[in-house]
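I opened this model to see how its chain is laid out. My notes follow the order in which I looked things up.

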Amino acid sequence: MSTRNTRRGFSLVELLAVVLILAVLAAVAVPLYLNTQANASLRTCKANIAAIAAAETAKALRGGAYVALDALVGASEGLAEAPVCPSGGAYTATVAGTGACTIHCSTVAHAALDKVLAAPTPEEL
Ligand SMILES: [Zn+2]
């Protein structure tokens with residue numbers, strides 16, 4: 001008589017162990033994924049704002065003053081196309097009465113990325 005175990009499939013305890021392991025892995029991986037996604041969005045937005053700032057600076061050095069964002073977009077301007085925030089925000093470049101320029105993303109989580117450019121001085125022009 002053979003004592004070999006001929007049982008097929010998995011027991012309930014084995015299945016529960018697998019489900020538990022998958023749940024623990026998901027509990028660790030999902031927050032990491034979401035955090036990485038948010039960081040990537042933030043960094044892309046920061047790079048977009050830096051590109052807008054560079055285009056504004058170049059425009060101010062050529063023309064003497066900062067301009068609205070629309071005036072920076074075009075083949076002969078600083079930006080080939082309008083930057084798009086990966087979080088869906090819209091960029092604005094606001095020129096204050098003092099000549100300073102503030103570049104802003106409308107995404108609430110990106111408010112800390114606002115960049116203020118000082119008014120160009122006569123020496124820079
Ligand atoms: Zn943004």
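The entries below go from overall layout to single residues.

**Entry 1: layout.** I am working from a predicted model. I listed the elements before anything else. The protein has 1 helix and 3 strands. Read from the N terminus, they come in the order α-β-β-β.

**Entry 2: overall dimensions.** I checked the radius of gyration next. The protein has 27 Å, whereas a compact globule of 125 residues would be near 14 Å. I then took the extent of the C-alpha trace along its principal axes, which is about 100 × 25 × 20 Å. Burial came out at 17% of the 125 residues. I also looked at contacts with a separation of 6 or more: 46% of them join residues 24 or more positions apart.

**Entry 3: the helix.** Helix α1 covers residues 12–63. I noted which residues of α1 are buried: C45, N48, I49, I52, A55, E56, K59 and A60. What covers the buried residues of α1 includes β1, β2 and β3.

Entry 4: I traced the strand order. The sheet is open, has 3 strands and runs β1-β2-β3 with antiparallel pairing. Strands β1 (91–95) and β3 (115–117) are at the edges with a single partner each, so one side of each has no neighbour in the sheet. From one strand to the next the twist averages 15°.

**Entry 5: pairing, strand by strand.** I counted bridges for each pair. β1 and β2 are antiparallel and are joined by 5 bridges. Within that pair, V95 stands opposite C101, and A93 has I103 as its bridge partner. The hairpin of β1 and β2 has 5 residues between the strands, and there G99 takes a positive phi near 100°.

Strand β2 (residues 101–105) is joined to β3 by 3 bridges, again antiparallel. Here T102 has V116 as its bridge partner, and I103 stands opposite K115.

**Entry 6: helix against sheet.** How does α1 run relative to β2? The helix lies across β1, β2 and β3, and its angle to β2 is about 155°. I checked the burial of β2 as well. It is mostly covered, with 4 of its 5 residues buried.

**Entry 7: the nonpolar core.** Which residues have the most contacts inside the largest nonpolar core? They are I49, I52, L69, Y91, A93 and I103, in a core of 13 residues. The elements giving two or more residues to this core are α1, β1 and β2. The largest share is from α1, with 5 residues.

**Entry 8: V84, away from the elements.** I finished with a loop residue. V84 is in the loop between α1 and β1. Is V84 buried or partly exposed? It has 13 other C-beta atoms within 10 Å, so V84 counts as partly exposed; a buried residue would need 20 or more. I also took the distance from V84 to T57. They are 27 residues apart along the chain, and their C-alpha atoms are separated by 20 Å.

Conventions. Residues numbered from 1 in each chain as written. Predicted model: local features only at pLDDT ≥ 70, side-chain atom pairs only at ≥ 80, totals over all residues. Pairing = 2+ DSSP bridges. Axes fitted to C-alpha atoms, helices over the stretch in contact; angles between N-to-C directions. Contact = placed C-beta atoms within 7 Å. Rg over C-alpha atoms; globule rule 2.2 N^0.38 Å. Buried ≥ 20, exposed ≤ 12 C-beta atoms within 10 Å, placed from the backbone. Core = buried A, V, L, I, M, F, W, Y, C linked by C-beta atoms within 7 Å.
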